[in-house]
Amino acid sequence: MRIILLGAPGVGKGTQADFISQRLGIPAISTGNLIRDAVSKGSETGRKLKSYIDKGQLVPDEVVTLMLKERISLEDCKNGYILDGFPRTVKQAEALSEMGIEIDKVIDIELSDDEILRRLSGRRVCSSCGATYHILHNRSKKDNRCDKCDSALTVRDDDKPETILERLNVYHAQTEPLINYYKDKGILSLVSSCEKVSDTNELMLEALGATV
Ligand code: AMP
């Protein structure tokens, strides 16, 4: 099964992608994580990619599409996957379809901009495995340590208030049109992002219906 999670930054796509990944036994693929991995290698390409992330702008379609294509060609993707953060433009969605990839379900996770700003400022990310937490809604068991790998939790550089605003603008201008794109294909479901992660989990399972 191939699933796309849509939604603005901070609605909880990563958390839900992990949840569905465990339920369905298929990998969750975050293009944000793929790009951050490339950045951490410190190559010339990595440095260029970092400049987009730091400004809250999108990495060029061709670059991120190639990274995604390579990732989904790996063996663990043969029974499907969950895409978190891809596609982010209509051009990327068209690239997926040109690759002959059929998407079974698209879930748009919805939240107001005010709430997104509040949530992103409390987000914490594992410096090692990338797992996400929130200081109010999704705390790790040990303060500032990851539940999965016990590494330190950090604040992402692009979760600074001015970058968050730019990321929201970019979302509304370039990614939101994908809601109608997939609605027209008849595979879109809408899910509200709740205060409690477990409530959103329930709504996600409902949206996936008989397939889970
Ligand atoms: P995320 O972790 O999904 O919030 O992504 C962090 C940053 O990575 C974004 O603000 C973009 O700069 C970049 N990025 C992630 N996915 C994409 C994509 N599909 N297209 C372009 N840029 C992306």
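**Charged and aromatic side chains in the predicted model**

The charged end of K185 sits over the ring of Y181, at 4.7 Å from the ring centre, where a charge is taken to sit over a ring if NZ of Lys or CZ of Arg is within 6 Å of the ring centre and within 35 degrees of the ring normal. The model is a predicted one, in which local features need pLDDT of at least 70 and side-chain atom pairs count only at pLDDT 80 or more, while totals for chains, interfaces and linings use all residues. Residues are numbered from 1 along each chain as its sequence is written, and side-chain values use heavy atoms, with hydrogens and water left out.

Rings of Phe, Tyr and Trp (its six-membered ring) are paired if their centres lie within 6.5 Å, with planes under 30 degrees apart classed as stacked, over 60 as edge-to-face and the rest as tilted; by this rule, one aromatic pair is counted. The pair consists of Y181 and Y182, and because the ring centres are 4.9 Å apart and the planes stand at 85°, the arrangement is edge-to-face. With buried defined as under 20% relative accessible area, exposed as over 50% and partly exposed as in between (1.4 Å probe, protein chains only), Y181 is buried at 17% relative accessibility, and Y182 is buried at 3%.

Salt bridges, defined by a side-chain nitrogen of Lys or Arg within 4 Å of a carboxyl oxygen of Asp or Glu, come to a count of 16. One of them joins E115 to R118, with an N to O distance of 2.7 Å; both residues lie in helix α6 (residues 113-121), three residues apart, or about one turn of the helix. Helices (H or I, at least four residues) and strands (E, at least two) are DSSP runs numbered from the N terminus. E115 is buried, at 15% relative accessibility, whereas R118 is partly exposed, at 41%.

A further salt bridge is formed between D159 and R123, whose closest N and O atoms are 3.0 Å apart. This pair links distant parts of the chain, 36 residues apart, with D159 in the loop between β7 (153-154) and α7 (161-175) and R123 in strand β5 (residues 123-126). Both D159 and R123 are buried, and these two residues belong to a network of salt bridges that also links R156, D158 and R167. In the salt bridge between K141 and D147, the N to O distance is 4.0 Å; K141 is exposed, with a relative accessible area of 75%, while D147 is partly exposed at 37%.
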